[in-house]
Amino acid sequence: LRGVLFLVLLTCGTQSEITSRIVGGTDSIQGEWPWQVSLQIRSHLCGASIISDRWLLSAAHCFQDAISNVKIIKMKHFIVGEGTSRTIERIITHPNFSIPGLFNNDIAVLELSSPLTFTDFIRPICLPSSSHVFRDGQTCTVTGWGTLSYQGLSLNPLKADVNIVSNDACIRAYGNLISNKMLCAGILAGGIDACQGDSGGPLVCEESSGTWLLAGIVSFGDGCAQPDTPGVYSHVTALRDWVLQETGI
């Protein structure tokens with residue numbers, strides 16, 4: 001059985017066959033998003049995505065007060081009420097984070113203390129190529145353990161479908177805060193969005209092949225789920241070469 005499953009379990013961007021803190025989202029099925037993890041210092045800090053058996057991808061802003069305490073940050077991956085836990089060996093944030101503006105280059109890679117064993121419930125997400133285009137209006141999914149409203153309470157992990165928003169609409173909402181290292185997604189009518197605690201978590205888009213790609217990393221927004229103010233994500237395509245340089249992935 002192991003021999004038959006081995007190649008399947010190493011395939012990125014695939015969901016379990018068993019198959020929110022998201023505003024306006026719905027509960028996820030166990031194993032539906034096997035790359036989503038929770039980073040914790042005693043309690044949930046931020047989300048992150050598994051990109052290999054040794055590396056996670058998250059947002060740089062999650063670690064501005066935690067870099068000196070790397071050893072106490074833990075990754076937890078929740079599986080049907082149980083969890084896989086790893087300590088973080090090393091955190092590498094983008095050297096140009098916040099340069100020239102707030103949240104620019106908001107990306108970090110985290111090296112685990114020991115490798116993960118991939119299962120139906122623990123799998124990596126695929127990374128896009130540096131030339132991949134996520135089209136305006138494309139429906140993608142954001143997942144996380146964040147709050148259900150601005151400064152609201154954290155409950156169970158949720159998922160929500162959002163649309164890629166054009167760069168022009170993103171700039172209209174946020175002005176010169178937006179750079180080419182950012183991607184906007186949401187529902188312009190409001191009501192569905194990532195929120196506090198989702199930071200660092202994944203925005204994923206399904207290809208026609210059925211493979212999921214990591215399009216964005218939850219970065220910032222004006223409140224949560226407000227009309228005409230989509231969520232802003234670190235644009236993985238634009239930051240892909242840096243991830244490759246630091247991790248070899």
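Which residue forms a disulfide with Cys 46, and how far apart are their sulfur atoms? The partner in this predicted model is Cys 62, with the two sulfur atoms 2.1 Å apart.

**View 1. The disulfide of Cys 46 and Cys 62 is left-handed.** The angle about the S-S bond is -95 degrees. Cys 46 belongs to strand S4 (residues 43–50), whereas Cys 62 sits in the loop between strand S5 (55–58) and strand S6 (74–79), so the pair ties together parts that are 16 residues apart in sequence. Cys 46 counts as buried, at 5% relative accessibility, and Cys 62 is likewise buried, with a relative accessible area of 8%.

**View 2. Cys 140 and Cys 205 form a disulfide, with their sulfur atoms 2.0 Å apart.** This link is right-handed, with 100 degrees about the S-S bond. Because Cys 140 lies in strand S9 and Cys 205 in strand S13 (residues 202–206), the pair ties together parts that are 65 residues apart in sequence. Cys 140 is buried, its relative accessible area being 1%, and Cys 205 is buried with a value of 0%.

**View 3. Cys 170 and Cys 184 form a disulfide, with their sulfur atoms 1.8 Å apart.** The link of Cys 170 and Cys 184 is right-handed, with 45 degrees about the S-S bond. The pair links distant parts of the chain, 14 residues apart, with Cys 170 in helix H2 (residues 167–174) and Cys 184 in strand S11 (residues 182–186). Both of these cysteines, Cys 170 and Cys 184, are buried.

**View 4. Thr 141 is found in strand S9, which spans residues 139–144.** Thr 141 is buried, with a relative accessible area of 4%, and the side chain of Thr 141 makes a polar contact with the side chain of Asp 161 at 2.8 Å. Leaving aside neighbours within four places in sequence, Thr 141 is in contact with Trp 33, Lys 159, Ala 160, Asp 161, Pro 202, Leu 203, Val 204 and Trp 212.

**View 5. The protein chain as a whole contains three helices and 15 strands.** Of its 249 residues, 52% count as buried. The protein chain exposes about 11,200 Å², of which carbon and sulfur atoms supply 52%. The structure holds four disulfides, among them the link of Cys 46 and Cys 62, the link of Cys 140 and Cys 205, and the link of Cys 170 and Cys 184.

Notes
Residues numbered from 1 in each chain as written. Predicted model: local features only at pLDDT ≥ 70, side-chain atom pairs only at ≥ 80, totals over all residues. Heavy atoms only, no water. Helix = DSSP H or I, 4+ residues; strand = E, 2+ residues; numbered from the N terminus. Buried < 20%, exposed > 50% of the residue type's maximum accessible area, 1.4 Å probe, protein only. Polar contact = N/O pair within 3.5 Å; in protein donor to acceptor, adjacent residues only side chain to side chain. Contact = heavy atoms within 4.5 Å. Areas by Shrake-Rupley, 256 points an atom, 1.4 Å probe, with all protein chains shown as cover. Disulfide = S-S within 2.5 Å.
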